[in-house]
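Subject: Structure handover

Dear colleague,

Here is the structure that I said I would pass on. My notes on it follow below.

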Amino acid sequence: MKKIEAIIKPFRLDDVREALMELGVSGMTATEVKGFGRQKGHTELYRGAEYVVDFLPKVKIEVVVADDKADAIVDAILKSAKTGKIGDGKIFVMDVERAIRIRTGEEDESAV
């Protein structure tokens, strides 16, 4: 199994979710996060004072899938999250040794 984590722009979340549902992904976790990379931050004006916003709002998506579905999932995220502008995000793929559904005790691929 593979765990795929994607950091994307918040307004792309619905497009990514729809693309994953079309591939049969039955569940995912989405978390509001903040961070920066090459995009860095930006300067804002608040009550007449300038300040630097170092961390930008992003959404982190996490999904665990069977090994043979991982490439298709990554491709779907790439296509649906891409705007072509700086700050589109990153995708990370890692191995998952074991998964257990707490309610039923099912393990591994039947648990996801």
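Helices (H or I, at least four residues) and strands (E, at least two) are taken as DSSP runs and numbered from the N terminus. On that basis the protein chain has two helices and six strands, and their order along the sequence is β-α-β-β-β-β-α-β. The radius of gyration of the protein chain is 17 Å, well over the 13 Å that the globule rule gives for 112 residues, so the chain is more spread out than a compact globule. That radius is taken over C-alpha atoms, and the rule is 2.2 Å times the number of residues to the power 0.38.

Some background on the values: this is a predicted model, in which local features need pLDDT of at least 70 and side-chain atom pairs count only at pLDDT 80 or more, while totals for chains, interfaces and linings use all residues. Residues are numbered from 1 along each chain as its sequence is written, and side-chain values use heavy atoms, with hydrogens and water left out.

Overall figures

Along the principal axes, the C-alpha atoms of the protein chain fill a box of roughly 55 × 30 × 20 Å. Of the 112 residues, 29% are buried (under 20% relative accessible area; exposed is over 50%, and partly exposed is in between, with a 1.4 Å probe and protein chains only). The accessible surface of the protein chain is about 7,900 Å², and carbon and sulfur atoms account for 51% of that surface (Shrake-Rupley method with a 1.4 Å probe; for residues, only the protein chains shown count as cover). Among contacts (heavy atoms within 4.5 Å) with a separation of 6 or more, 69% are between residues 24 or more positions apart.

Charges and salt bridges

The protein chain carries 19 positive and 21 negative side chains, and the centres of the two sets are 6 Å apart. Lys and Arg count as positive and Asp and Glu as negative, with His and the chain ends not counted; each charge is placed at NZ of Lys, CZ of Arg, CG of Asp or CD of Glu.

There are eight salt bridges in the structure (a side-chain nitrogen of Lys or Arg within 4 Å of a carboxyl oxygen of Asp or Glu). One of them joins K2 and D95, at 2.4 Å from N to O. K2 lies in strand β1 (residues 2-8) and D95 in strand β6 (residues 89-95), so this pair ties together parts that are 93 residues apart in sequence. K2 is partly exposed at 22% relative accessible area, whereas D95 is exposed at 58%.

K3, E5 and E62 are linked in a network of salt bridges. Within it, E5 and K3 meet at 3.2 Å, N to O, and the closest N and O atoms of E62 and K3 are 3.0 Å apart.

A loop residue

R12 sits in the loop between β1 and α1 (13-22) and is buried, at 18% relative accessibility. Leaving aside neighbours within four places in sequence, R12 is in contact with S80, A81, K82 and T83.

Regards
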